[in-house]
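The sequence and structure come first.

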Amino acid sequence: MILLGILFLVPFYFLFVNSVKTFGDLLTSAASLPKTIEWGNYARAFDITNFPTALGNSLLITVGSNVLLVIICAMAAYYMVRNNSRFNRLLYVIFVAAMVVPFQSIMIPLVKVTSKLGLMDSIPGLIICYLGFGVPMSVFLFHGFVKSIPLEIEEAATVDGSNVYGVFYRVVFPLLKPMLVTVFILNTLWIWNDYLLPSLILQSDHLSTIPIATFAFFGQYTKQWDLALPALVMGVLPIIIFFLFMQRYIIEGITAGAVKG
């Protein structure tokens, strides 16, 4: 396990070590330690990418998409489990089938639809797109977890006078915490690091996310590795910290939910 861990940490070594090298030193030997530490690379990358704006856009898109996905998908999965009709079973199969549809096959129709709806070049439009693409997996995970919640708890709340919304938000929703965190983590890793969908929807420079801002260092003939690597470090660091802080919920949520029923 230690050897496997070291193997997976090798890319991070190259990323962090080369981010503080001069361009010449980086081209000479990418694997060696830096002769002189160039912290100025970070300052230049910070200014060129307009990092505070890109960070704010990424945070807004990631948090907004996740909040909508968690609430809507939890309600949808709960309704489909507790109302096990033929229509709901068919709807669940459609959600599961949608997980295997490659994004590249629907890029052009997506751009046409978003353009007609006036959602192009806007953060709300991008959040709606993420909501559509994230629903299948989120509903799948919540669906399995809801089956593990005893129906007697909900019946007791109903006897006490709670309506269906009270049962869900006061009884069921708190019990979904392991899966809520799991869905939040998995979607955060996807949305934060995604480049393709924001590049299709967002056209203005002031709406750039961190992946789009970082791509500015990669031209057709030149690649500014001495600036791109510090920008990548600044973009990856928040998500690494978030993942390390929340990772203990992943195994608990997936093992308790996805294998039920």
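Which side chain meets that of Glu154 in a salt bridge? The partner is Arg82, at 2.7 Å from N to O. A salt bridge here is a side-chain nitrogen of Lys or Arg within 4 Å of a carboxyl oxygen of Asp or Glu, and by this rule the count comes to one. The pair links distant parts of the chain, with Glu154 in helix α8 and Arg82 in helix α4, 72 residues apart.

This is a predicted model, in which local features need pLDDT of at least 70, side-chain atom pairs count only at pLDDT 80 or more, and totals for chains, interfaces and linings use all residues. Residues are numbered from 1 along each chain as its sequence is written, and side-chain values use heavy atoms, with hydrogens and water left out.

The chain has 14 helices and zero strands; helices (H or I, at least four residues) and strands (E, at least two) are DSSP runs numbered from the N terminus. The C-alpha trace spans about 70 × 50 × 30 Å along its principal axes.

The axes of α4 and α9 come within 12 Å and cross at roughly 100 degrees. The two helices are therefore roughly perpendicular to each other (65 to 115 degrees). Their contact (heavy atoms within 4.5 Å) is made by the residues below.

| Helix | Contact residues |
|---|---|
| α4 | Val70, Ile71, Ala74, Met75, Tyr78 |
| α9 | Val167, Phe168, Tyr169, Val172, Phe173 |

These residues divide into ten nonpolar, no polar and no charged.

A nonpolar surface patch of about 770 Å² includes Ile71, Met75 and Tyr169. Patch residues have over 30% relative accessible area and no salt bridge, with nonpolar side chains joined within 5 Å; areas come from the Shrake-Rupley method with a 1.4 Å probe. The largest share of the patch, six residues, comes from α4.

Methods: Axes fitted to C-alpha atoms, helices over the stretch in contact; angles between N-to-C directions. Parallel < 35°, antiparallel > 145°, perpendicular 65-115°, else oblique. Nonpolar A, V, L, I, M, F, W, Y, C, P; charged D, E, K, R; others polar. Patch = residues over 30% accessible without salt bridge, like charges linked within 9 Å, V, L, I, M, F, W, Y side chains within 5 Å.
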